[in-house]
Amino acid sequence: MDAMQLLLWARGPALGIAFAIFLFGMLLRLFEIYSLGRNKDLAPPRSHSPGSGWRTVVMRSFSAKSMLKASMLTYVTGYTFHIGFFVVLLFLLPHIELIRSITGLHWPALPTPFIDLIAVASIIALIVALISRVMNPVKRFLSGFGDYLAWAVTLLPLLTGYLAYHHLLLDYTRMLAMHILSVELLLVVIPFTKLTHMATLFIARWYNGDWFARKGVAS
Amino acid sequence: MADETLLDVLTKRGISRRAFLKFCAAATSLMALPPSMASAVAEALMQARRPSVIWLSFQECTGCTESLTRSHSPTLESLIFDAISLDYHETLIAAAGSAAEAARENAMKEAYGKYLLLVDGSVSTKDGGIYSTVAGKTNLETLKEAAAGAAAIVAVGTCSSFGGLPHANPNPTGAVPVSDIIKNKPIINVPGCPPIPVVITGVLTYYLTFGTLPELDDLGRPKAFYGESIHDRCYRRPFYDQGKFAKSFDDEGARNGWCLFELGCKGPITHNACATTKWNQGTSFPIQSGHGCLGCSEPNFWDAGSFYQALSTPIQPVTAALGIGVAAAAAAGIGVALANRSTKADAKAHHQTVTTNDLEK
Amino acid sequence: MATGEESTIDLSRLPFGPGDHALLVKTLGEGEVQAQLNTLGATRVHETAIAGVWWVTHCNADDEVMVEFIEITRCPAIMLTPQDDLQEGVEALRTRLLNAE
């Protein structure tokens, strides 16, 4: 397939398919979680603290000091990557245009060279995280195929986006096609890997916060 | 007519040696060759023979012919066209009807195996190609006949190079490019809607001068003119790099010459010479006039999404796909939920109570 | 300068933005020499304010610009009398002198 055909397929039917699979997978997961329900708590709650669940959702984003000291590298790479990823996704003008064309929503973009810097920081954070995972014997022991797959499909959009913007590696048309295809790959892989945490983390935090409040440790 | 050299033609017109050098310098630039090659071009032109050229027009709008006849430096073009023997051009030819047909057949016979065939317009193939005929013959047939005796074929314009407008969805006539029909002859694609006039002439001059095809890219386009994208040579590139985009036509940003990405410019994926060679004697090109590039020298550009939506947007709406995803998830979700519930109920039903008494045995 | 290497820049191959061309003309300026060739239309040659940098503009019979070059040289090649013309020149002179008597 020549570069133009690939690009038109990526911008056309492939996008629909990727979104459909992503939505299907994520909603299915959510259905599964919620339909299983929770065990009835027969004991009376120890403390009265409504909203503990919701507070936990926010508070868990800030770590306990001791935790931070113990795994500084994990926290730093984690925060850098996650914040960087979302800044690049939401504040680069071409991405805003994409969102506008689908949802009608839009907001001001940040200067492209700034986003470029953030993208580089995110890529470096990912690479450092991988090295740390492989070099630490415990982490390495615990890591499986799903972990490395998730890492790869997350890195590819950032990397291909950077290469496309800077006109590196391949002819631009092909590089842009690769970038869009890598995003579509990410979308279809998310529901079947640990990347579902993008939705489930909020559910888990809420549940834990609510349960702990009943047991007397409110947030 | 044919078989004189180019230099013979020029000398007959009383052209001095300095004039010949001037001609060669201009021709070298026209072919997008570096100026240092002017002497090589002069050498080649002195030996070149005048080829016969036949121009066939199929499903086209005649824009390509118009573009060519509007090429600038008429002195240069008229020299080139005096030099070639334009034995048949469907639109420009003075004769008509059977006399014209006879002229074409004659030309083809006389120079069989050696003439250059230029084609503009796409070829209809549906139902045997009856949607486009000339003198009762389908374009498909005419092309195959003419191609048989051609030394090389130049597909002028996006229609003959890639199918162009007739080829766009839903393609009712089964339009295809020349390269889909003819597989055994060298083909140069000179796309554009229309192509820049001097690009057409430049390619012809190259063939005239050197008698061979210029270096082509993977879509059969001469690298000299189509090797770079508009984006690569766009003078507004610094604004793209800095993230300064015009939000609507003629707004503050647009007036300051900011990048037209948001307004649908397809410059990054379009290969052509518009940013350097420009149009109308180097006056301007779409982006300089404030309008985004349409991508007209690329295949399927008519089906590549709106001209006014950014390159990063989907070509077709995704709402249907989103709807299907949600609906399927709802259906499967309910199914899974029910299955889970029944498993849970089952487990509860089959629950066996065990006491320590039972275990002690 | 040491090697006497000459160079030519084809201005038609450069992506000029609006006003860039005028800026280049202004920056290079004009020097002592101006010349005009009249063949296939006018060709105007002038040395810029920078010695050794010449600006050559080839126009067609309708005085439209065909192509422009900046040449780094002691004298643009097109100005020099072609070698073959020299012999013809001798013959031409001889004929003129004969007719003058």
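Two pairs of chains are in contact, and chains A and B share the most contacts. This is a predicted model, in which local features need pLDDT of at least 70 and side-chain atom pairs count only at pLDDT 80 or more, while totals for chains, interfaces and linings use all residues. Residues are numbered from 1 along each chain as its sequence is written, chains are lettered from A in the order in which they are written, and side-chain values use heavy atoms, with hydrogens and water left out.

**Chain B**

The secondary structure of chain B comprises 16 helices and nine strands, taken as DSSP runs (helices H or I of at least four residues, strands E of at least two) numbered from the N terminus. Of its 361 residues, 53% count as buried, that is, under 20% relative accessible area with a 1.4 Å probe and protein chains only; exposed is over 50%, and partly exposed lies in between.

**The interface of chains B and C**

Here 29 residues of chain B are in contact with 34 residues of chain C. The area buried between the two chains is about 2500 Å², of which carbon and sulfur atoms give 58%; buried area is the accessible area (1.4 Å probe) that two parts lose on being put together, summed over both. B:Arg17, B:Arg18 and B:Lys22 supply 31% of the area that chain B buries against chain C, more than any other three residues. Helix H2 (17–30) and helix H5 (74–83) of chain B each supply at least two residues of the side that touches chain C. H2(B) gives the most to this side, with ten residues. Across the interface of chain B and chain C the rule finds zero salt bridges, a salt bridge being a side-chain nitrogen of Lys or Arg within 4 Å of a carboxyl oxygen of Asp or Glu.

**Salt bridges**

Over all chains the count is 19 salt bridges.

| Pair | N to O distance |
|---|---|
| A:Arg100 and B:Glu262 | 3.3 Å |
| B:Lys223 and B:Glu215 | 3.2 Å |
| B:Glu298 and B:Arg221 | 2.9 Å |

B:Glu298 lies in the loop between H14 and H15 of chain B and B:Arg221 in the loop between helix H10 (197–210) and helix H11 (223–226), so this pair ties together parts that are 77 residues apart in sequence. B:Glu298 is buried at 3% relative accessible area, and B:Arg221 is buried at 2%. In the pair that includes A:Arg100, this arginine is partly exposed at 31%, whereas B:Glu262 is buried at 7%.

Definitions and conventions:
Contact = heavy atoms within 4.5 Å.
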